[in-house]
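Try each task before reading its solution.

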Amino acid sequence: MQLVSFCFDDGFAATQAHVRRAFAPRGLAATFCILAEPERAQDAAVRACPVAGWETWRAARAEGHEVECHGLSHERLADLPLPEAQAGLARSLAAFARELPGFSARDSMFHAAYLAVPRALMGWLADRVLAVRTACGRNGLNRVGDIAPGGPVDCVTFGPQAADGPAHVRLARFLAEEEGWLVLVFHGVGEGAWGPLSVAGLDALLDLARASGARIAPASRAFRLVQAEARSRAGRETSL
Ligand SMILES: [Zn+2]
């Protein structure tokens, strides 16, 4: 199987509009990974562009996109005492459940800021979310069998320079040489202080993936597809 997910972190307002305009005519869905309390974010790259509000995220979900948790205010989880990190994430997930009708943390991935989650917090998250998007050192590739419910999912992101070239190279290599699920992470589209992707660059990536026959699905839906593939392969092995 060749499956590709496009995640857009930090909740930038102009970015989500560009993404929705690019995905809709192609019948595709993305994953927006947003902060529960972005107004409290300290990171200059996160503060560089205006963010969208819950009303916008409800509209994005109504179009079929996923809107999932990227933390409370872009906190660096490894720097926080465990109880503080847990309390912040609990507050974040409660805000998602309150603001997004039908949102279920158990059915949604958590997308860690800075792609880092301390081991003790991974165990806590495993009981609460579908899976945790972090960095596992596989350049964004998750093969069938690499992932398990509540566990880590690898991803690849591009910055601080423009994301267009490196993202194109990574996707082309996946399509030509690899099997499994590639998770691509972007920040701003047509804007952004870290690893911006141009609007034309986004169009080109979507068309490249589609031309090769790869399936594009948002992250949590893709996770379930990979799990279903793992179960089906296990079933085939049992019946041999
Ligand atoms: Zn982020």
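**Exercise 1. Decide whether A148 is buried, exposed or partly exposed, and find what it touches.**

Step 1. A148 has a relative accessible area of 40%. Buried means under 20% relative accessible area, exposed over 50%, and partly exposed in between, with a 1.4 Å probe and protein chains only. A148 is therefore partly exposed.

Step 2. Before going on, two notes on the model. Residues are numbered from 1 along each chain as its sequence is written, and side-chain values use heavy atoms, with hydrogens and water left out. This is a predicted model, in which local features need pLDDT of at least 70 and side-chain atom pairs count only at pLDDT 80 or more, while totals for chains, interfaces and linings use all residues.

Step 3. Locate A148 in the loop between β6 (141–142) and β7 (152–154). Helices (H or I, at least four residues) and strands (E, at least two) are DSSP runs, numbered from the N terminus.

Step 4. Look for contacts, meaning heavy atoms within 4.5 Å. Leaving aside neighbours within four places in sequence, A148 is in contact with F223 and Q227. The C-alpha atoms of A148 and F223 are 9.0 Å apart in space, although 75 residues separate the two in sequence.

Step 5. Check from the other side. Q227 sits in helix α8 (residues 219–239), and its relative accessible area of 13% is why it counts as buried. With neighbours within four places again left aside, Q227 is in contact with I147, A148 and P149.

**Exercise 2. Work out which residues coordinate the zinc ion, and describe where D10 and H74 lie.**

Step 1. Pick out the donors, which are N, O and S atoms within 2.8 Å of the metal (3.2 Å for Na, K and Ca); water is not among the atoms, so sites may look incomplete. Here they are D10 (OD), H70 (NE2) and H74 (NE2), at 2.0 to 2.1 Å.

Step 2. Read the spacing along the chain: D-x59-H-x3-H. D10, in the loop between β1 and α1, and H74, in the loop between β3 (66–69) and α4, link distant parts of the chain, 64 residues apart.

Step 3. Check accessibility. D10 is buried because its relative accessibility is 5%, and H74 is buried too, with a relative accessible area of 10%.

Step 4. Look at the backbone. Most residues other than glycine have a negative phi, and most peptide bonds are trans. D10 has a positive phi of about 90° although it is not a glycine, and phi of H74 is also positive, near 65°. While checking the backbone, note that the peptide bond from G159 to P160 is cis, with omega near 0°; P160 lies in the loop between β8 (156–157) and α6 (164–177).

**Exercise 3. Trace how β2 pairs with β1 and with β3.**

Step 1. Two strands pair if DSSP finds at least two bridges between them. β1 and β2 run parallel and are joined by three bridges; F32 in β2 is the bridge partner of F8.

Step 2. On to β3: β2 and β3 pair in the parallel sense over four bridges, and C69 in β3 is the bridge partner of I34.

Step 3. Find the handedness. A crossover is right-handed if, with the strands pointing away from the viewer, the path from the first strand over the helix to the second runs clockwise. β1, α1 and β2 make a right-handed β-α-β unit.

Step 4. Inspect the faces of strand β2 (residues 31–34): T31 and C33 on one side, and F32 and I34 on the other, are all buried.

Step 5. Turn to V67 in strand β3, which is buried with a relative accessible area of 1%. Beyond residues up to four places away in sequence, V67 touches several residues, including F32, I34, W57 and F96.

**Exercise 4. How many aromatic pairs are there, and what geometry do F8 and F23 adopt?**

Step 1. Apply the rule: rings of Phe, Tyr and Trp (its six-membered ring) pair if their centres lie within 6.5 Å; planes under 30 degrees apart count as stacked, over 60 as edge-to-face and the rest as tilted. The count comes to 10 aromatic pairs.

Step 2. F8 and F23 are edge-to-face, with 6.1 Å centre to centre and 85° between the planes. This pair links strand β1 (residues 2–9) to helix α1 (residues 13–23), 15 residues apart, and both F8 and F23 are buried.
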